[in-house]
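Let's take a walk through this structure, starting with the packing in the middle and moving on to the charged residues. Have the model open as you read.

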Amino acid sequence: MELLFVYGTLKQGCSNHLLLKDARFIQTDSLVGRLYFFGHHSFPYAICANIRFPHYRGELPRILGEVYEVTPELLARLDRVEGVPIHYQRDHQYETDKGLWVWIYQPSEMTRLGAVAIEVLESGSFPPDVS
């Protein structure tokens, strides 16, 4: 089994959550990084920091999400849905704030090079707060 951190449309209550019906919810969690909207897309992209900052005294931005236990077969299915490797890439080098090492989908190099971030989700949470 593998651990997957989700932050966008795969989260509970969002449009693609049904894809995780066979996964086991572990916990809500967060990690260092930012959420962005690129171009005309209505779903977020995560840009994560894969290092700790032991001497940094300020508050680092966080991405809020959920951790699920998934099978390798489900990960492969999600890769197809997420458009790996063209649209997204799946990375496994991130430790959550609660100490779990997780897979996470981030924009592929092609997506990053061909897009302009038009909005930063300062809250670190999707869907964005519209109040």
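This is a predicted model: local features need pLDDT of at least 70, side-chain atom pairs count only at pLDDT 80 or more; totals for chains, interfaces and linings use all residues.

Residues are numbered from 1 along each chain as its sequence is written, and side-chain values use heavy atoms, with hydrogens and water left out.

Start with the largest nonpolar core, which has 31 residues. Such a core is a set of buried Ala, Val, Leu, Ile, Met, Phe, Trp, Tyr and Cys residues joined through side-chain atoms within 4.5 Å. Buried here means under 20% relative accessible area, exposed means over 50%, and partly exposed is in between (1.4 Å probe, protein chains only). Tyr7 and Leu20 touch the most other members of this core. Two or more residues each come from β1 (2-6), β2 (24-38), β3 (45-48), β4 (62-70), α1 (72-82), β5 (88-95) and β6 (101-107). These elements are DSSP runs numbered from the N terminus: helices are H or I with at least four residues, strands are E with at least two. The top contributor is β2, with five residues.

Now zoom in on Leu20. Leaving aside residues up to four places away in sequence, Leu20 touches Val6, Leu10, Tyr68, Val70, Leu74 and Leu78; contact means heavy atoms within 4.5 Å.

Next, find Glu82 in helix α1. Glu82 is buried but has no salt bridge, a salt bridge being a side-chain nitrogen of Lys or Arg within 4 Å of a carboxyl oxygen of Asp or Glu. The nearest side chain of opposite charge is Arg90, 9.7 Å away. On charge, Lys and Arg count as positive and Asp and Glu as negative, while His and the chain ends are not counted. What does Glu82 touch, not counting residues up to four places away in sequence? Its contacts are Leu10, His87, Tyr88 and Tyr105.

Arg90 does have a partner of its own: its side chain meets that of Asp79 in a salt bridge (2.8 Å, N to O). Arg90 lies in strand β5 and Asp79 in helix α1, so the pair ties together parts eleven residues apart in sequence. At 23% relative accessibility Arg90 counts as partly exposed, whereas Asp79, at 14%, counts as buried.

There are four salt bridges by this rule. Another joins Arg24 and Glu69 (3.2 Å, N to O). With Arg24 in strand β2 and Glu69 in strand β4, this pair ties together parts 45 residues apart in sequence.
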